[in-house]
Amino acid sequence: GLTLGPSLFNGSSYEETLKVPESGLIVDLPYTRPRHKAIHRKMKRRTSVTTDLPMGLRGTTRWLRAVSEAAGSWTPDLQRKIMRMEERTRKRVDVMFDRWRGMRVAIFADPAHGAGLASLLLDMGIEPALVGLKGTTMGGKEAFLDCLERDGNPLPENTAILENPSIALIQEHLERLLRKGQLDGV
């Protein structure tokens, strides 16, 4: 029942961006983390909710719940509807998940996007063997792991996590995994 208002940094026109103060709810995604306090000071008369990116089945369900709770629209009926949608989606893609289960991949992204990708892949039964995180303004490794924990998708213990890796370090890790036959994709 919510209507999406203006979004920042999505290519919207300047005119559309000027409508932000009219929004009743501000959804604060991880990309605002470096300016989080300043944004919340300016929007103190608005209800806001800080969320992870809505990626993967569990991550999207968790995002929908957080936003609807902040908007005051969370109800048991909505919870059942979201769970049915997640279950229906899971059934539709389970055939592909079975095909991919056990594959191992490498992920290279900023912490927020990397966590969303890792959560999605873990939902699909694909194991991240290597994760390279770029940047620390969104919380780095700790924020990455916290997001996965909130999704109920912790990384396997043998996953290597590299923070701000050099090209040489990335090549070294990829070559080792490929030599051992332990990497199906990047």
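How many bridges join strand β4 to β5, and do these strands run parallel or antiparallel? Four bridges join strand β4, residues 127–133, to β5, and the two strands run parallel. The model described in this report is predicted.

**The sheet and its helices**

Strands β3, β4 and β5 make up an open sheet of three strands in the order β3-β4-β5, with parallel pairing. At its edges lie β3 (104–109) and β5 (160–163), each of which pairs on one side only. On average, and with direction ignored, neighbouring strands of this sheet are turned by 15° against each other. In general, the strands of a sheet pair through backbone hydrogen bonds, in either a parallel or an antiparallel manner.

Helix α5, residues 111–123, lies across β3 and β4, and runs at about 160° to β3. Helix α7, residues 167–179, packs on the sheet and touches β3, β4 and β5. The direction of helix α7 makes about 170° with that of β4.

The loop between β5 and α7 contains asparagine 164. Phi of asparagine 164 is near 45°, which is a positive value in a residue other than glycine. Is asparagine 164 buried, partly exposed or exposed? Asparagine 164 counts as partly exposed because its relative accessibility is 43%.

**Salt bridges**

A search of the whole structure finds 11 salt bridges.

| Glutamate 16 | Lysine 19 | 3.7 Å |

Aspartate 151 is buried, since its relative accessible area is 6% and the limit for a buried residue is under 20%. Arginine 62 is partly exposed, with a relative accessible area of 23%. Both residues also belong to a network of salt bridges that links Asp52, Arg62, Arg150 and Asp151.

Glutamate 87 and lysine 91 are placed in helix α4, residues 76–100. Because they are four residues apart in this helix, about one helical turn separates them. Glutamate 87 counts as partly exposed at 46% relative accessibility, whereas lysine 91 counts as exposed at 57%.

In the pair formed by glutamate 16 and lysine 19, glutamate 16 has a relative accessible area of 29% and is partly exposed. Lysine 19 is partly exposed as well, with a relative accessible area of 33%.

**A nonpolar surface patch**

Which residues make a nonpolar surface patch of about 230 Å²? The patch is made by Val27, Leu29 and Tyr31. Valine 27 is located in strand β1, residues 25–28. With a relative accessible area of 31%, valine 27 is partly exposed.

Technical notes
Residues are numbered from 1 along each chain as its sequence is written. This is a predicted model: local features need pLDDT of at least 70, side-chain atom pairs count only at pLDDT 80 or more; totals for chains, interfaces and linings use all residues. Side-chain values use heavy atoms; hydrogens and water are left out. Patches are made of residues with over 30% relative accessible area and no salt bridge: like charges are joined within 9 Å, nonpolar side chains (Val, Leu, Ile, Met, Phe, Trp, Tyr) within 5 Å. Accessible areas come from the Shrake-Rupley method with a 1.4 Å probe; for residues, only the protein chains shown count as cover. A salt bridge is a side-chain nitrogen of Lys or Arg within 4 Å of a carboxyl oxygen of Asp or Glu. Buried means under 20% relative accessible area, exposed over 50%, partly exposed in between (1.4 Å probe, protein chains only). Two strands pair if DSSP finds at least two bridges between them. Axes are lines fitted to C-alpha atoms, for helices over the stretch in contact, and angles run from 0 to 180 degrees between N-to-C directions. Contact means heavy atoms within 4.5 Å.
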